Amino acid sequence: MRTALALAVIAAVAGCSRTVNTTKGISAICPVHHVRMEKREVAVMLGYPGPQREILANAMLAGSIRAFSREEAALFPYSKDYYFGGDDIIDENPPKRAVLYVCPECVKAFAEWKLKKGADQPPTPPPARPAGERH
Ligand SMILES: [Zn+2]
């Protein structure tokens, strides 16, 4: 009986702290810069508008969202140190934490790209709220 209760408590705690691991099956070496990337655990960002403002700003700098996606994949694929998890209105138990790779050279390349394209601000995290806060 005591064991069953302990297992139930462990299952409940594990269910509350889901973590998205985006590094599974991916090399820790940046495919563009060939340096070891840092594995980071970050808070999942939820809510609207999320990173849309940054996505639109980058798309305007590149000419289109598709052009930005191409340049990001080719020049700085691991520059993000945040993870956008959607919206907790749709998912009542969204993940709270995410594990991802961040390449220090991608971060530099992205900052330089933005300045070269005419952005007057270095990259900033999206204006979203951390997971766990409700509306
Ligand atoms: Zn890189």
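Among contacts in the protein between residues at least 6 apart in sequence, what percentage join residues at least 24 apart?

1. **Contacts.** The share is 83%. Two residues are in contact if their C-beta atoms, placed from the backbone, lie within 7 Å.

2. **Basis.** This is a predicted model: local features need pLDDT of at least 70, side-chain atom pairs count only at pLDDT 80 or more, and totals for chains, interfaces and linings use all residues. Residues are numbered from 1 along each chain as its sequence is written.

3. **Layout.** The protein has 4 helices and 5 strands. Their order along the sequence is α-β-β-α-α-β-β-α-β. Helices (H or I, at least four residues) and strands (E, at least two) are DSSP runs, numbered from the N terminus.

4. **Burial.** Of the 135 residues in the protein, 18% are buried. A residue is buried if 20 or more other C-beta atoms lie within 10 Å of its own, exposed if 12 or fewer, and partly exposed in between; the C-beta atoms are placed from the backbone.

5. **Strand β4.** Strand β4 covers residues 97-102 and pairs with strand β1 (residues 19-21) in the parallel sense, over 3 bridges. Here Thr19 stands opposite Arg97 of β4. Strand β2 (residues 38-46) also pairs with β4, in the antiparallel sense and over 6 bridges. Arg40 stands opposite Leu100 in β4. Two strands pair if DSSP finds at least two bridges between them.

6. **Helices α2 and α3.** Helix α2 spans residues 52-62 and helix α3 spans residues 65-75; their axes come within 7 Å and cross at roughly 90 degrees. Therefore α2 is roughly perpendicular to α3. Angles of 65 to 115 degrees count as roughly perpendicular, under 35 as roughly parallel, over 145 as roughly antiparallel and the rest as oblique. Axes are lines fitted to C-alpha atoms, for helices over the stretch in contact, and angles run from 0 to 180 degrees between N-to-C directions.

7. **Their contact.** From α2 come Ile55, Asn58, Ala59 and Ala62; from α3 come Ile65, Ala67, Phe68 and Glu71. The residues divide into 6 nonpolar, 1 polar and 1 charged. Ala, Val, Leu, Ile, Met, Phe, Trp, Tyr, Cys and Pro count as nonpolar, Asp, Glu, Lys and Arg as charged, and the others, Gly among them, as polar.

8. **Glu71.** Glu71 sits in helix α3. Why is Glu71 partly exposed? Because 18 other C-beta atoms lie within 10 Å. Leaving aside neighbours within four places in sequence, Glu71 is in contact with Ala62 and Trp113. Glu71 and Trp113 are 42 residues apart in sequence but 9.3 Å apart in space, C-alpha to C-alpha.
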